[in-house]
Amino acid sequence: MNRIAATVLSAGLALAAADASAFSQETHKRIVIDAVNYMKNNPTTTNYAKLAAAAAAAGYTVDQMANVLGQGAYDVDDFMDTYFCGATTGDCQTAPVWGLGSGIVKYTSYFHFQQHTRGADAHGNDKGGYNYDLLTVWGDIDNMAATWLVGDYMDDGKGGMTAWFSRDSSKYNTYGITEANYRQGSTSSKAMYDDFEEMPFQPIDNLGQYWYSKFQQAPTFQTLGFVLHTTDLLQPHHTWTTSALNHAGWETWVNDYYYSEGLNNSALVAAAMGTFTPVSTGTTEIRPLLTQGGAYSYSQGGIVLSSTAHADRLVVGRKVIPHAIAMTVHILNHAANRF
């Protein structure tokens, strides 16, 4: 809690918080489209034929199908599925007041982390998600959020959690829907979500597993696209776990130099393919694959938390983007068998 007490809220800090998500939405879309293009250019080593046949059956060209998948990955950052409620007012919102006009992420983005600096979490997941109280690296944006949201609770519908004097303007049952969906075999209690600064959010591999299960039940390209937002795992800030430390600047750099610096180089993607263990055809469990992606960004990308030098970012970008594309190809290879 000393970190919270030491924080000074300011307009300048609010601006610094702008757009502090993971890879930008456009980058997410590019990664998916590049993964489909890689499969198209390597049909003998991928499940491209099955994927193309599924596109045709749905009335899409391959390019249209890639765009739908990419848009699904893009859209996850816009989900209106996570509300926090004021500790004193009970007013429930999807984003912080201090983020209005600055483009800061919605609260749903707190489900987009996988903590690799620690082991199992309070839920029993092998790798946990964002938890301010247990961060091992953090910065101004983490502190500002925890200060502004101190004591705020997760909207549980009319499930009993309220602010002072039983105030509560519930708008969505986040605990009973979103958190429950992303629980994926782990355990939770409402007491875990009654104070923002101590909330152990579910990790992003659980998000991916939930949407992959929905895809397996009723295959659509949009639902599969939601799964592919898990390329956040190749963003080092999301495995070191912080909303700060050059987070927004790094994502802007990746988007700006994605093509001009050849971050999507196909030869690098081909090399990255071999670093993943493919998902077995006998399972629909993709979390081990996703965790491999997270372990890679954690081990290879830490420098971008402390350095803004173009040369340092280029080294990391040429590692994590090809691996993000390769991880996406592995997911699509497996998913193609379901169509």
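A49 counts as exposed, because its relative accessibility comes out at 58%, over the 50% cut-off. Keep in mind that this is a predicted model.

**A49**
- You'll find A49 in helix α4, which covers residues 48–57.
- A49 and A336 sit 287 residues apart along the chain, and their C-alpha atoms are separated by 8.8 Å.

**T82**
- With a relative accessibility of 1%, T82 counts as buried, because the cut-off for that is under 20%.
- The side chain of T82 makes a polar contact of 3.0 Å with the side chain of D81.
- Leaving out residues up to four places away in sequence, T82 touches Q93, T94, Y107, T108, F111, T174 and T178.

**Where α11 meets α14**
- Helix α11 (residues 247–257) packs against helix α14 (residues 310–335) at an angle of about 75°, and the two axes are 11 Å apart.
- That angle is why α11 counts as roughly perpendicular to α14.
- On the α11 side, the residues in the contact are G249, W250, W253, V254 and Y257.
- Their partners in α14 are H310, R313, L314, V316, G317, V320 and I321.
- Sorted by class, the α11–α14 contact has eight nonpolar residues, three polar ones and one charged one.

Methods:
Residues numbered from 1 in each chain as written. Predicted model: local features only at pLDDT ≥ 70, side-chain atom pairs only at ≥ 80, totals over all residues. Heavy atoms only, no water. Buried < 20%, exposed > 50% of the residue type's maximum accessible area, 1.4 Å probe, protein only. Polar contact = N/O pair within 3.5 Å; in protein donor to acceptor, adjacent residues only side chain to side chain. Contact = heavy atoms within 4.5 Å. Helix = DSSP H or I, 4+ residues; strand = E, 2+ residues; numbered from the N terminus. Axes fitted to C-alpha atoms, helices over the stretch in contact; angles between N-to-C directions. Parallel < 35°, antiparallel > 145°, perpendicular 65-115°, else oblique. Nonpolar A, V, L, I, M, F, W, Y, C, P; charged D, E, K, R; others polar.
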